[in-house]
Amino acid sequence: MNSNYDEKNSKSIERYAQRLIGKSFQYILDLDNSLQNEEIHEPSLKSYLLIEEEERKHYKGKLGQLIEEKYFHYHCNSDSDADFKEAGVELKVTPYKINKNGKQVAKERVSLTMINYMDYMDNMDVVEESFFDSHLWKKCGLILFVWYQYNGKDASPFNQSIDYVQLFTPEGEDLKIIIHDYEIIVGKIKAGKAHELSEADTMYLGAAPKASNVNQTQPQPNSKIPARLRAFTYKNSYMTYLLNNYFIPRKKEYEKILTEETNTSFEEFVVSKINAYRGWSVSDLAKKFGVNLKSKDAQSNIAFRILGIKSNKAEEFIKAGIVVKTIRIQHKGSIKENMSFPAFKFKELVKETWEDSTFGNYLRETKFLFVVFKFDENNELHLQGCQFWNIPYKDLENDVRRVWEKTRNIIDKGMSFEIKNGKYTNNLPKGSENWICHVRPHGQDSTDTYELPDGRMYPKQCFWLGRDYIYSQLDDSLK
């Protein structure tokens with residue numbers, strides 16, 4: 001029995017942890033300056049305390065261990081049980097940061113537990129019951145979150161402040177969605193497709209790569225293809241939502257799509273709501289839902305209004321990082337526009353690897369809701385319906401990867417370009433080279449530029465997905 005808290009009582013553990021609010025990690029170190037403290041079991045932590053301040057900032061993942069060993073005085077281990085076994089409480093120490101808009105956001109996803117693919121060899125008939133018996137539920141059923149403010153990669157970690165401490169259990173609709181996410185991940189593993197897992201497959205619970213080395217793999221059931229090491233995680237978007245709406249109570253900024261009990265999945269519910277208006281003209285939909293057709297986002301506004309969302313800030317979409325994209329099909333069956341993504345900075349792109357690339361990760365982690373409209377013979381636009389979509393693994397890791405790597409190499413070696421009659425031409429990958437992905441300008445005009453690695457300025461560029469490719473990805477019923 002620890003004299004500071006009751007190891008069998010989750011609320012006692014929480015109250016003791018909340019004494020850290022407003023304190024820095026240096027405070028925890030100063031609780032006992034003796035480096036011979038017998039409570040510190042891990043040699044790696046002893047080394048952490050002894051190294052020079054300048055080097056400490058390069059040690060990641062040790063701050064949670066510091067709290068475990070120096071504050072709670074329990075032996076850090078890698079057991080499958082929760083950290084506080086008798087209380088069923090798992091401890092997660094996680095950073096948040098302040099973005100450019102002044103908003104507090106989770107710095108990273110939260111890893112819950114490693115996935116052992118071979119655990120899913122046997123049939124799993126009742127997923128929900130299996131979920132509550134799972135190793136994952138032991139790790140995420142009751143979590144004590146300790147949030148600290150990340151001060152940047154060059155700052156000392158010991159000066160970072162612990163700001164929010166609270167127990168968390170997923171409940172209600174969140175839990176239902178997490179169970180469904182678990183079902184999707186396990187279903188893919190059991191189908192022999194663990195090597196194709198993507199965080200964009202699911203909403204709140206992800207299956208994220210755990211090892212930085214893509215060659216670190218493990219066997220999977222029903223396939224001879226080894227799969228990359230992965231862990232169950234709470235996605236970054238979900239953690240950001242929890243931070244701003246659970247750990248920091250405030251006026252609700254978002255509207256819920258699900259306001260009633262449903263026996264279907266969230267995705268099925270959304271599709272059924274929007275598809276109920278299939279065939280309606282955009283002008284009739286605008287009248288019914290009070291949407292200004294002259295607004296830039298008129299068609300996406302219509303989709304949100306159908307879902308009962310007036311602000312375009314749907315709670316479930318924010319939590320899951322779902323992006324709504326409207327697609328317009330020509331009368332004869334083609335898409336006029338390619339699909340653009342945020343402009344990339346040349347000097348940052350060349351420092352990335354594919355596995356850690358901004359664009360690659362965006363596609364790996366993002367689920368899209370395609371809302372599809374089609375012109376009739378009188379050039380009037382009608383709603384065709386919608387579908388959820390994320391890029392297939394093979395397309396991402398083959399065609400998109402090749403385009404990204406070629407782009408990076410061209411920029412790194414010195415991009416060649418010419419200006420004729422005020423128009424720029426360059427040697428970046430064109431749509432004629434790859435029907436899935438290419439690079440095109442994405443700035444306001446030719447004066448909207450970023451700096452190249454060699455110091456020259458060039459109009460902003462971004463990656464695009466080709467219109468014919470997007471058309472091929474649509475369900476036949478939407479075409």
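User: Which side chain does the side chain of Ser283 join in a polar contact of 3.1 Å?

Analyst: The side chain of Ser281. A polar contact is a pair of N or O atoms within 3.5 Å; within protein, one must be able to donate a hydrogen and the other to accept it, and residues adjacent in sequence count only if both atoms are side-chain atoms. The Ser283 side chain also makes a polar contact of 3.2 Å with the side chain of Glu380. Before we go on: this is a predicted model, where local features need pLDDT of at least 70 and side-chain atom pairs count only at pLDDT 80 or more, while totals for chains, interfaces and linings use all residues. Residues are numbered from 1 along each chain as its sequence is written, and side-chain values use heavy atoms, with hydrogens and water left out.

User: Where does Ser283 lie, and why does Ser283 count as partly exposed?

Analyst: Ser283 lies in helix α11 (residues 282-289); helices (H or I, at least four residues) and strands (E, at least two) are DSSP runs, numbered from the N terminus. Buried means under 20% relative accessible area, exposed over 50%, and partly exposed in between (1.4 Å probe, protein chains only). Ser283 counts as partly exposed because its relative accessibility is 27%.

User: And is Thr240 buried or exposed?

Analyst: Thr240 is buried, because its relative accessibility is 12%. Thr240 is found in helix α9 (residues 236-247). Contact means heavy atoms within 4.5 Å; not counting residues up to four places away in sequence, Thr240 touches Gln104, Val105 and Ala106.

User: What is the order of the strands in the open sheet?

Analyst: Two strands pair if DSSP finds at least two bridges between them. The open sheet has 4 strands in the order β2-β1-β4-β5, with mixed pairing. Its edge strands, β2 (104-106) and β5 (162-168), each pair on one side only. Strand β4 (residues 143-149) pairs with β5 in the antiparallel sense over 6 bridges, and Val146 stands opposite Val165 in β5.

User: Which residues have the most contacts inside the largest nonpolar core?

Analyst: In soluble globular proteins, nonpolar side chains tend to be buried together. A nonpolar core is a set of buried Ala, Val, Leu, Ile, Met, Phe, Trp, Tyr and Cys residues joined through side-chain atoms within 4.5 Å. Here the largest core has 69 residues, and Tyr234, Phe266 and Ile274 have the most contacts inside it. Helix α8 (residues 172-190) gives the largest share of this core, 8 residues.
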